[in-house]
Amino acid sequence: MESTEIVQQLDDIRRAALASISGSPDTASLEEARVAHLGRKSKLSKVSSSLREMSDADRRVVGKTVNEVRAAIEDAISSRLADLTSAERAGRLERERVDVTLPGRKPELGLPNPLTSVLDDVLDAFVGLGYRVVEGPEVETDYYNFQALNIPEDHPARSMWDTVYVQGETDELPLFRTHTSPMQVRMMEKEPPPVYVVVPGRVARRETPDAKHLASFMQIEGLAVDYGISMADLAGTLEAFAREVFGASQKVRLRPSYFPFTEPSAEVDVLCFNCGGSGCRSCGREGWIELLGAGMVHPNVFKAAGYPPDITGFAFGVGIERIAMARYGVEDIRWFYENDLEFLESFR
Ligand code: FA5
């Protein structure tokens, strides 16, 4: 082939290459064009490798043109690449643009369940009075739940505290504790007097749920054992607790009552959250709402724990949900367990 013919061919190669480079819509197709027009299998490379077989004169002419064409293609590629890269970056910036003038998105914050808040506040109040917080097993033995608390097998009080029995490994059937009181004897067995503890935890009963009753609820047991403790200490302690949890104007009332494990025993009421004492539907026209059971620890309980006969003490058991009802004016105890977000949000 004549050298002029080859130079003509090189001119075609350049035109085709420049056209495909300027027509490349993105960097990926530009790279394809580069491989096609400058790569080892390209027409330009073939011409370049045929230089060897040419006469000196032809090689000089054709070689110069090959270099010019290659340089022209390379220039076109780098300037097209610069254009495409800046266009692609501009497109990406536009797509990922952030409007900093928009108001921020607030993360949705949760809040403690009202029962958790009440539990924390009650425990805080007693810790402030010098009590320790301890916990006990939810599945108990008949002995600690009943017998050690002066409730023998045939005692009628058992029907009041009937519960679910669980299959155990021994002859004795473990049960879901019906109150937190079993921890009284467990603590006294473990430690010598004085003992000042509060015991929070879940309890269960055979109960048909209604506005004031649940079959599974939470209690806090209180136990103060020392020499020379009287009923006045009990009354004063409960009043301090009520003021701390319900506010300074709250009053407590002790009514004579009966528990097998305390003597004397009392039921303790607080002023109704709704009417403040004048009597309404929430409190059954009483003006007061029952919150807890309490009393002076029965000598038989001290005996079961192996404590000396001249020891004294008081105990009480309070329902957490009942405190929350009284504190927040909640009319139905079951609402605490319905997971109704609207109800729970109202405590924010
Ligand atoms: C007892 O459980 C005794 N162990 C309390 C006690 C402890 C007395 C120490 C003396 C000395 P009672 O069954 O009354 O007593 O329950 C105590 C409190 O738990 C009640 O005042 C009430 O606040 C709450 N409570 C009782 N039954 C339910 C129920 N079904 N649903 C929700 N709360 C309840």
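**Close-up views of a predicted model**

View 1. The model holds 13 aromatic pairs, counting Phe, Tyr and Trp (six-membered ring) whose centres lie within 6.5 Å, with planes under 30 degrees apart called stacked, over 60 edge-to-face and the rest tilted. Tryptophan 161 and phenylalanine 261 make a tilted pair, at 5.7 Å centre to centre and 40° between the planes. Because tryptophan 161 sits in the loop between helix H7 (157-160) and strand E3 (175-176), and phenylalanine 261 in the loop between E6 and E7, the pair ties together parts 100 residues apart in sequence. Helices (H or I, at least four residues) and strands (E, at least two) are DSSP runs, numbered from the N terminus. Tryptophan 161 is buried at 4% relative accessibility, and phenylalanine 261 is buried at 6%; buried means under 20% relative accessible area with a 1.4 Å probe, protein chains only.

This is a predicted model, so local features need pLDDT of at least 70 and side-chain atom pairs 80 or more, while totals for chains, interfaces and linings use all residues. Residues are numbered from 1 along each chain as its sequence is written, and side-chain values use heavy atoms, without hydrogens and water.

**View 2. A ring cluster.** Here Phe126, Tyr131, Tyr196, Phe241 and Phe316 are linked into a cluster by ring pairs.

**View 3. The E6 edge of the sheet.** The open sheet has 7 strands in the order E1-E4-E5-E9-E8-E7-E6, with mixed pairing; strands pair if DSSP finds at least two bridges between them. Its edge strands are E1 (132-133) and E6 (252-259), each pairing on one side only. E6 pairs with E7 (residues 262-271) in the antiparallel sense over 7 bridges.

Definitions and conventions:
Buried < 20%, exposed > 50% of the residue type's maximum accessible area, 1.4 Å probe, protein only.
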